[in-house]
Amino acid sequence: MQLRNILAKKLLFGMVLLGLSTCNLPTTESADNSNQETQAAAPISQQTATNNQACTLVENGFGSPGKVNVRAEEVVTGLEVPWGIAFLPNRDMLVTERPGRVRLVRDGKLVSQPVATINVTDSGEDGLLGIATHPNFAENRFFYVYYTADRNGSQVNRVERWRLSENGLTASPDRVIVDDIPVAQFHNGGRIRFGPDGMLYIGTGDARNPQISQDVNSLAGKILRVTPDGQVPQDNPFEKNPVYITGIRNTQGFDWRDQSTLWVTDHGPSGDLGRRGHDKLSLARSGDNLGWPTIYRCESGEGLVTPSIVWREALPPGGAAIYTGNTIPEWRGSLIIATLRSEHLQRVVFAPQSPQQVERHEVYLQGKYGRLREAIMGPDGELYVTTSNCDGRGNCPPQQDKIIRITR
């Protein structure tokens, strides 16, 4: 018994020390997990009690095949790395292409001429990324974009506001909302969305500098929250600071459970600090710290949010949306996550009485459409997803990337 206790303590100490070495590496969007630390065989998913919270650790694969009958319809093709979708009141769509074009989809067809062409740098994960429309778009015609700009020879990520013309065919820049977001070849975040409170939320990456995620004076590795004009709301958790949630490595997807809580996905490490895999999903509130790089698995720490689910193998997650439609009633309230390297839609179901706990999770469309980037609910109550097969990491087909609608 004494020998067993000594061995257990040594194992625990080794786990704490795991990953203290550093190295230069790629993003998890194309990560090779063959060199992950060896772990004992386990069920596909298991509940790990961490700080009195159950964290689901997906040891092998990504989940069981989905049991709900759904189908995918092609909406448009001919896009080049469509990163984000914004819906307009007349059911038109604005779509960002990472090389720097804002495209218009009208009456189910892609308009040939871009609405706007933005001068971006698009190496690695840079470029034109997220897009969102102002809550009062019908009155002011404002939309917002997140992109990588070259400013006097140095790169910055920037959120800028544009105004769409009355006919929807052209747009002009209005003002910079947030500037000087740190840039790197990888880990640039980029998802922007308006919350139920009318504020603009901005997901950023750690710009390949893990420790900066813990620095509240840096815009990197965070979710930022600003007014539609770019001011800091008075009720932000840090005074006169746009930082809303800290401890993020590289989020590209989040959505609201309710007025005050968000589901936030995050890319796990692809060699950073000697670690690999472990993409995660966490429930977060104002001022929360999601733990990167202090924790990255089903772990906890003082003042840090324990994840709800962690996938040991790299997904990694793109866009994420709570399903609110009626076409697929079984999905209502589930979080649907588009995944890149693992090429599927992940459905996550939460325990009704314990929203931080995952009840089950399923895989849909495995390998059928390649890499999936955006996932967003449309005004018609349907889920829309973009492919990302022409981003240099997938197999770009002759018809290029597309938008698909998930329905019955």
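In which strand is the place of V156?

Analyst: V156 lies in strand 12, which covers residues 154-164; helices (H or I, at least four residues) and strands (E, at least two) are DSSP runs numbered from the N terminus. The model is predicted, and local features need pLDDT of at least 70 and side-chain atom pairs pLDDT 80 or more, whereas totals for chains, interfaces and linings use all residues. Residues are numbered from 1 along each chain as its sequence is written, and side-chain values use heavy atoms, with hydrogens and water left out.

V156 itself counts as buried because its relative accessibility is 5%, where buried means under 20% relative accessible area, exposed over 50% and partly exposed in between, for a 1.4 Å probe and protein chains only. Leaving aside residues up to four places away in sequence, V156 is in contact (heavy atoms within 4.5 Å) with Y147, T148, A149, R151, D179, D180, I181 and V183. V120, 36 residues away in sequence, has its C-alpha 10.0 Å from that of V156.

One of those contacts, D179, also forms a salt bridge with R158, with the closest N and O atoms 3.0 Å apart; the term requires a side-chain nitrogen of Lys or Arg within 4 Å of a carboxyl oxygen of Asp or Glu. This pair links distant parts of the chain, since D179 sits in strand 13 (residues 171-181) and R158 in strand 12, 21 residues apart. D179 is partly exposed, with a relative accessible area of 23%, while R158 counts as buried at 12%.

R161 is buried at 6% relative accessibility, and D229 is partly exposed at 38%.

I223 has I245 as its bridge partner in strand 17. From strand 16 (residues 223-226), I223 and R225 point one way and L224 and V226 the other, and all are buried. Strand 16 also pairs in the antiparallel sense with strand 15 (residues 200-203), over four bridges, and I202 has L224 as its bridge partner.

Terms used. Two strands pair if DSSP finds at least two bridges between them.
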